[in-house]
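Colleague: I have just opened this one and would like to go through it with you, starting with how the chains meet. Could you keep the answers plain?

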Amino acid sequence: MPILEGTGLTIRFGGLTAVSNVDFSVEQGEIFGLIGPNGAGKTTLFNLLSAALKPQSGSVRFKGQEITGLKPYRICRMGLARTFQVVKLFGNMNLLDNVLLAAAFGREHRINRVKAEEEAAELLEFVELPVGEETLAKELTLGRQKRLEVARALATRPDLLLLDEMMEGLNPTEVAKAMALVQKIQGRGVTVIMIEHVMKAIMTVCERIMVLHHGAKIAEGTPSQVSADKTVIEVYFGAKSNAGS
Amino acid sequence: MVTFLDIIISGLLLGGIYAVTAVGLSLQYGVARVLNIAHGEFIMLGAFLTWFLFTTFGINPLVALFISGLILFGVGFLLYRTLFTRLRISAETPGAFEGNSMLACFGLLFIIQNVAILCWGADIKGYSFLAFPVSFWGAKFSANRLVTLLFALVICLVFYLFLSKTRLGKAIRAAAQDPETAGLMGVRINRVLALCYGLGALMAGFGGALISMSYNIHPTMGLEYTMIALIVIVLGGLGSIPGSLIGGLVLGLVGSIVTHVEPGLALVAYYVIFMVLLLVKPSGILGK
Amino acid sequence: MGIGNRTFGNTPAWIAALLLLALVAAAPLYAGVYTVILMISVLMYMVIAVSWAFFSGPTGYISLASAAFFGTGIYTSAIFGMVLPMPLVILLGALASSGLALLVGAITLRLKGIYFVMFTFGLVELMLNFILWWEVTISGTTGRVVPPMSNQTVFYSMLGILVVLVLVVFFVRRSTYGLALQSIGENEEAAAHSGVHVTAIKITTYAVSAFFMGAAGAVMATRWTYIDPKIAFNPLICFMPVLMAIFGGMRPLFGPIIGAAIFTYLEQYLITRFPYYYMLIFGAIMVVSILYMPEGLLGLVQKIRIRIREKQHANS
């Protein structure tokens, strides 16, 4: 059963159609990739899924239930969590508190502070961030901030995790570590949809990929299918491929 | 007996004043990003300066209007170049700047009010100017009210043309939409922001002068006008200058009608509109 | 900041606080009438400042409506003071203010902070207008009389309200609810995506802060005994808690308390010495505080302490 289904999702900003009639479905347990050139509408699609934005038409079904129009906190508690392209941490709170908060409020039922602290500490270890420090979130390096955001998202015990450009700005070693982390997350039984520009990561880690361009879906399939698709090649390499032929 | 026409003219007069003052606030918030809750105090200063120039030097209020406006423009421009620029530089985020500048205006509110009371005392003042009746279409109006209405509409029109036709006006609109890009395209952002704040104060000065021609004035009159200007800019749509014009006229008409039916409830009526607006369409009439 | 959650785990601070409380509570026994009256003012301002900072501090939503809630409490006393026992009147005043805050919050706290600021700015004048119109047109009275209470009773009532408020604020800041409040101020969107029901928490907290302001108002009405709408809804009460919290510092619990103490004494001094200038001075202090003391007085003290510690380390 698909854990997430989007049907005819559309949103316009003024004259610009950011997401145009997108259909897709993601199976439980898979790692699903979302790629496309800059401005293709990937983050906007995430915003539609997590209810940061409301679609003008179309609907989203999560675990068989219609979630279009619900508020973000409800969707979070139902089991859909996300990270953000531009990291949105609670800068003046320390690492533990950042994750603790999500643990306490993000599940189906509230849990008390003691339990939340335990879970938060465990998650900070899982993403390999030093635990028990009074460091404030805003003092971390970008790579660590991104991992903190992942820990925070995981604290809500999601069934589905949306990762938005988790590997942006990371060096090759860090990218490899991030890829390993994504697979560890899958190992915990969490379905993952990831937006990435680091092609190597996407092609290696994802089982299926969807390609967006100017807000519309132009291809979908396994990494090898997508990388061989003519439209995708044209979109990414444009004149180059024409010059070659 | 008060006729329908009386109510409409009063409404347009009130609306014209509201529109002029709201446009000023819209410039200050929409472009310079300062929620100037001391706006009403600038209006009050405009009113008192006009009263002062007329009663002490006999200067025609219609001329004093320009003098007051210019003085207040200078005050606003300087304030922005000193206080608000300093706040803008030291603010961590744009949100922090908006909050801090608003609070700074709160402080200014009390400073300006106190200064006015020190200069002119706390009593109600007024003066008589063009207070003779004029009749057309079978109804009688006070000449000063008609002149005020005329001036208000002319000011709004001139300002609208300034914004849409002149280079500076276009720079201002660009800065309102997207300060960063505007800066990259050669708009001298710092100067434009200070200019907008100054222009906002200028409009406040004009508004105050117009008010003084038709109504009595006192140093604590500002608060109400700030409130009304805030409602008007939300009604018209935050950031939309034409919206402030329309919103001002609408609110003025509502005020006139309500005052006719039940005097003393005009402000309450404005707030009811405000509440409904926030519940139904916070982006306002012409908002995005 | 770590401060709010981890301070006062140490016993000496607790003992000092309790001693101070005992000292203050015994005041009517040893201090003169004038001092007790002054202390009532201090306590009142502390309640309003701390209540204000309880909501506006962590969330960053700046409420300019304190006088509306305080005034609602005052007016509740004015309406019911003659017919109901005082404790009930105080409770009613607190509930009425909460109710008003719930209404305001429900309308504005779903939206961006700027609408909240604009709406609360005009609320005092609106209440003034509305109640004035009502009293003149419908109930036909121009002023109301509230049965007076002794200075001692007023003093202890206000102290009691302050103590309860401080306890509430203290325990909330250490709870997950307090963390949620802080997260809303840090990044509201992220908080919502972490499962925090942002709007509900904002509205509830706002109502709680108004509760205490209303209670304080109901108590103070008995000191002034003659109440009319202009006396009850005084725009200065919107300004003062903001000034006190900004000057004293918003985040730690004791910032607004210290700010309130300093300002009440300052106000008393200035009103007698410079009756024509004091608003100008306060306005100037506000502007200067925002420009040069972004963390408030307490923040300034902290910075100095850190500097001193740095110097000591450098020397050792």
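Colleague: How many residues does the contact take from chain C and from chain B?

Modeller: Bearing in mind that this is a predicted model, the contact takes 32 residues from chain C and 33 residues from chain B. On the side of chain C that touches chain B, the helices α6 (86–108), α7 (113–139), α13 (236–248) and α15 (278–292) of chain C each supply at least two residues, and α7(C) has the largest share with 12 residues.

Colleague: And how do the residues on that side of chain C divide into nonpolar, polar and charged?

Modeller: On the side of chain C that touches chain B there are 26 nonpolar residues, five polar ones and one charged.

Colleague: What about the contact between chain C and chain A, how many residues does each give?

Modeller: That contact takes 19 residues from chain C and 27 residues from chain A. On the chain C side, the elements that give two or more residues are α9 (176–186) and α10 (188–193) of chain C, with α9(C) providing the largest share, six residues. The residues of this side of chain C divide into seven nonpolar, 10 polar and two charged.

Colleague: Which chains share the most contacts, then?

Modeller: Two pairs of chains are in contact, and of these chains B and C share the most contacts. Chain A and chain B are joined by no contact, and their closest C-alpha atoms lie 8 Å apart.

Colleague: Let's look at chain C by itself. How many helices and strands does chain C have?

Modeller: Chain C has 16 helices and two strands. Its radius of gyration is 20 Å, close to the 20 Å that the globule rule gives for 316 residues, so chain C is as compact as a globular protein of that length. Along the principal axes, the C-alpha atoms of chain C fill a box of roughly 75 × 50 × 40 Å, and buried residues make up 51% of the 316 residues in the chain. Among the contacts in chain C with a separation of 6 or more, 80% come from residues 24 or more positions apart.

Colleague: Which residues touch the most other members in the largest nonpolar core?

Modeller: Those are C:Val47, C:Met158 and C:Ala216, in a core of 195 residues. Helix α8 (residues 189–214) of chain B gives the most to this core, with 16 residues. If residues up to four places away in sequence are not counted, C:Ala216 touches C:Met44, C:Val47, C:Ile48, C:Phe70, C:Gly73, C:Met158 and C:Ile161. Another core lies apart from it, with 88 residues, among them A:Ala51, A:Ala102, A:Ala104 and A:Leu154.

Colleague: Switching to chain A, in what order do the six strands of the open sheet come?

Modeller: The order is β6-β7-β8-β3-β9-β10 in chain A, and the pairing is mixed. At the edges stand β6 (80–82) and β10 (216–221) of chain A, each with a single partner strand, so one side of each is left without a neighbour in the sheet. Neighbouring strands of this sheet are turned by 20° against each other on average, direction ignored. Helix α1 (residues 42–49) of chain A packs on this sheet, touching β3 (31–35), β6, β7, β8 (191–195) and β9 (208–213) of chain A, and its direction makes about 150° with that of β7(A).

Colleague: How do β6(A) and β7(A) run, and how many bridges join them?

Modeller: They run parallel and are joined by three bridges, with β7 of chain A spanning residues 160–164. A:Leu80 stands opposite A:Leu160 in β7(A).

Colleague: What is the order in the open sheet of four strands?

Modeller: There the order is β2-β1-β4-β5 of chain A, with antiparallel pairing, and the edge strands β2 and β5 (65–66) of chain A each pair on one side only. α1(A) packs on this sheet too, touching β1, β2 and β4 of chain A, and its direction makes about 65° with that of β2(A).

Colleague: Why would you call α1(A) largely enclosed?

Modeller: Seven of the eight residues of α1(A) are buried, so the helix is largely enclosed by the rest of the structure. The buried residues of α1(A) include A:Leu45, A:Phe46 and A:Leu48, and the helix is followed by A:Ala51, whose phi is positive, near 70°.

Key: Residues are numbered from 1 along each chain as its sequence is written. Chains are lettered from A and ligands numbered from 1 in the order in which they are written. This is a predicted model: local features need pLDDT of at least 70, side-chain atom pairs count only at pLDDT 80 or more; totals for chains, interfaces and linings use all residues. A nonpolar core is a set of buried Ala, Val, Leu, Ile, Met, Phe, Trp, Tyr and Cys residues joined through C-beta atoms within 7 Å. A residue is buried if 20 or more other C-beta atoms lie within 10 Å of its own, exposed if 12 or fewer, and partly exposed in between; C-beta atoms are placed from the backbone. Two residues are in contact if their C-beta atoms, placed from the backbone, lie within 7 Å. Ala, Val, Leu, Ile, Met, Phe, Trp, Tyr, Cys and Pro count as nonpolar, Asp, Glu, Lys and Arg as charged, and the others, Gly among them, as polar. The radius of gyration is taken over C-alpha atoms; the globule rule is 2.2 Å times the number of residues to the power 0.38. Two strands pair if DSSP finds at least two bridges between them. Axes are lines fitted to C-alpha atoms, for helices over the stretch in contact, and angles run from 0 to 180 degrees between N-to-C directions.
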